[in-house]
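Trainee: I'd like to go through this model with you. Can we start with the aromatic rings and then move on to strands and pockets?

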Amino acid sequence: MPHLFAILWLSHLQLRGSFPWLVAAALGLAAVAAVVALYVRESAKVALAPRIAMALVRVAVVATVAVLLLRPVWVSEEKRDKVRPVAVLIDVSQSMDSADPRTTPDDQGRAAIAFGLIDADKGLPTESLSASHEKTLERPKRIEVARAALTNPKIDLFKSLAKVGPLEVYTFGTQRVGRDAGKDDWLTGLAATEPKTALVEAAFELLNRDDADAPAAIVIVSDGRENTGPRSLDDLARACNRRGIPISVYGVGSSSFGQLQVAFGSGAADKGGAGSRVGTDTDVPNTLFVDDITTVPVRYTVKGVAEGTANITLKYGDREVATKKETFTLSPEELRDGKTFATLLKFAPTKADAEGKKQEYSVAVAVTPAGAREAIDTLTGGLSRPAQVVSRKLKLLWVDGLPRRDFQFLQRDLLRDRRVDAKFYLTEGDRAAMRSGPPWMIEFSREVNGTLNIDRPEFRKILFDFDLIVIGDVPGKFFTRDQQEVIKEFVKEGGGLIHVAGRWNAPAAWAAEKGGPVKGDGSPIAEVLPVDFDAVRFPIQSLENPVGFVPVLAPAANRTQIVALEDDPIDNAERWGKRGNQSALGGSGKRLEPLYWYYPVTKVKPAADVFLVHPTARTPAPDNKEMPLLAGHYYGKGYALWVGFDDTWRWRFNLQNKLTSRFWTQAIYSAGIPRVVGTKLTQLSTNTIAPVEGTTGEYYVRVFNDNFQPLAADEVEGTLERVDAGTDDKDRTVPVKFQKVPGTEGEYAMTLPYNKVGQYRLTVDPKNKSPATLNFPVVYRDNHELAPGALDEPAMRKLSRQSRGSEADAGFYREETLVKLAGDLKAQKSPQSSRDEVLLWNKWAMLLLLGLLPTEWFLRKFNGMS
């Protein structure tokens, strides 16, 4: 009864007609009055009762017409509470098809619970599983574990959630798809095939409903590999928190599944996130000296292992030369993004190493998660690098004019270097000092009128005792034509040459037809250098203040260690200048201190590599290219390097000899080592730091013939082998072709698309008895669906916690706690009102009107009225 009164109280009459009700009422009253007056004045022959009956019929006609005109509606409203639904989102992206290694007892116990081998309400097993169960649960797919858990009658997740509110079940990958919540037969054939995981967008679609239809809670079944959409997990957590809709996550996958990457080179440590890849090998010595302490920097990146131990082992050849054991602990963010560690391994090569057949060192890293079984659960990674042990020092001769600032600092550094046996001579130095003995080259003190008075055979014997000659700003007449020819032969037969340009003498005195001692085609030394130049004279004092500049890395810089002043490629790029920005001087941040002088050249010779260029200056027309400041090329068996500046001492500001010593040491080794260890006829390299599927990489090969002349062919053939492909795979080995680089003799290039992940070996055999190989991996990009990776537990815990606006760790479940999920959710109701309308101007009113009109006519005829 109270309910009835409530309905009547909330009920009311509404008029939907366009005819004004006041006018209708007035007309109705007038019509009733007219009807009464009409029947009062009717003939007295008609009795009173019939007249009243006819009047009432006429009034009923008028009232019915008024109802039709006013279109009245009887409206009633009822308010009640509606239970909001519980939405379940099940991940069917390709990452859910991963077969995780379940190496720890806890992860195997979770799979056992999902498959019903252990009661769901008893938690993780305290004892080891049986051998048969352990084998079965070693690598189940994530979708299989999720399917088993959702259909496990002891967990009974769907029925438990249905008690909280009406159940809505969806699968999602690229898009959300509705499923029948009343049945679970579709789960049996559920496959993880979607190419992307749009977890955030799938949940936001549920949040787009109004408050009455929004879910009371969202339950997500996923491994957390969100990788699609403009919004983040944090955006989703904030939106759910504002709406009061908690997110609960059933995390699927192994929690101890980790990844390990290994590379040579120091630096880049403790960099996670997008920079978690260890990148390419950097700053690793490839020439070692007997009894000299060699430091091999190693980087390794750990991802997905919360804590554990890393064992690093270094071998030279087959001999174990150094080991190190390190423990680590990763934060939740580092667990997800990875953390890079850098370590140094040191050893002293022996004479036996120098005589060994296997001239390479290799590093192996073994990461064992804490509490795991070492023999089974260890992550391993390793790589090797060719490195030749030299049983003698590199012998260097440095000849300069005046003791320039660079010379002063570098002489001291080279005399302290145990790997270098250096001698020096200054053509403008004190004669008594030059004859005083080591480290001065006393033989060169035999001058007559500024010219070295040593005949060709003796000069050749003296020079060929060295591996590298560095020539600075020496007067053009110091070396005779014959002596310059010997220097040319020295380089051609494997020796190294570095020329450090000067303001006053060299290289201007060696230029052709510019007043130097050698006319015509220029000097033999000029022929050896990798650049062409004219004689340029510089004023003693410039009338204008010089403008500083910082050299810029050229494209070929990634193929040499000479300009690697920092271990990390990004940090190294920040050291150098920027194109078109001569005024961007150093001294702030990591930028080098500016230089204030360089020697201009006319062009670079064919087959030469340019490593540094001027930020704004260009070579004269018609060449009109970036002005080279550092360039090198092979001349015969030897290597010649052009250094077009002489004030690297400025880089010592606040850094002492850290940068200058590194730059010059790497330059000296690059130019001098070919004579010590021999020149490779085929040199294969790449500019790709970390090959990623879906991208491309550039590969280069420099080829010489048996006479150490650049190869003249138009192309060079090679093979690309996918090492980890099956022997029956028709695409295991495919031919590739390197095309000749225009204007560069003996150099060939190829663009290689990275179409498939795996381990690859690129081999080039130009039939010069010196094939070259390069091994490299192709990996998935970070957060790719198929990229190896564990359950992203930290991200899912954070999502469920923030959606509740709580600091407490709540809302994340694994198989051992899944039975508690539904009990932790609270039912939510939303007010709902229903509206009922009864039309009073319906067909029955029309039938009544049609019935009343003949009724009145019949009564009037029956009573003898017209």
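Mentor: First the term: rings of Phe, Tyr and Trp (its six-membered ring) pair if their centres lie within 6.5 Å, and planes under 30 degrees apart count as stacked, over 60 as edge-to-face and the rest as tilted. This is a predicted model, where local features need pLDDT of at least 70 and side-chain atom pairs count only at pLDDT 80 or more, while totals for chains, interfaces and linings use all residues. Residues are numbered from 1 along each chain as its sequence is written, and side-chain values use heavy atoms, with hydrogens and water left out.

Trainee: How many aromatic pairs does the structure hold?

Mentor: There are 29 aromatic pairs. One of them is Y699 with F776, a tilted pair at 5.4 Å centre to centre and 35° between the planes.

Trainee: Which strands do Y699 and F776 lie in?

Mentor: Y699 is in β30 (residues 696–703) and F776 in β35 (residues 772–778), so the pair ties together parts that are 77 residues apart in sequence. Strands here are DSSP runs (E, at least two residues), as helices are (H or I, at least four), numbered from the N terminus.

Trainee: Y699 and F776, buried or exposed?

Mentor: Both Y699 and F776 are buried, where buried means under 20% relative accessible area, exposed over 50% and partly exposed in between (1.4 Å probe, protein chains only). Strand β30 is mostly covered too, with six of its eight residues buried.

Trainee: What does β30 pair with, then?

Mentor: Two strands pair if DSSP finds at least two bridges between them. β30 runs antiparallel to β29 (residues 682–686), joined by five bridges, and L684 has V701 of β30 as its bridge partner. Seven bridges join β30 to β33 (residues 747–753), also antiparallel, with Y700 opposite A749.

Trainee: Back to rings. Which residues form one aromatic cluster?

Mentor: W398, F407, F424, W576, F645, W651, F663 and W664.

Trainee: And where do R231 and R460 lie?

Mentor: R231 lies over the face of F204, at 3.9 Å from the ring centre. The criterion is NZ of Lys or CZ of Arg within 6 Å of the ring centre and within 35 degrees of the ring normal.

Trainee: New topic. What is the order of the open sheet of four strands?

Mentor: The order is β12-β11-β14-β15, with antiparallel pairing. β12 (319–329) and β15 (379–386) stand at the edges with a single partner strand each, so one side of each has no neighbour in the sheet.

Trainee: How many bridges for β11 and β12?

Mentor: β11 (residues 307–316) and β12 pair antiparallel over ten bridges. Within that pairing, L314 has A322 in β12 as its bridge partner.

Trainee: What lines the second largest pocket?

Mentor: It has 26 lining residues, and V604, A608, V610, K625 and T744 are the closest to its centre. β26 gives the most to that lining, with three residues. As for terms, on a 1 Å grid over the protein atoms alone, a pocket is an open set of points where a 1.4 Å probe fits, with protein on both sides within 12 Å along at least five of seven lines, and lining residues have an atom within 4 Å of a point.

Trainee: Last one: where is I487 found?

Mentor: I487 is in helix α16 (residues 481–492). At 0% relative accessibility, I487 counts as buried.
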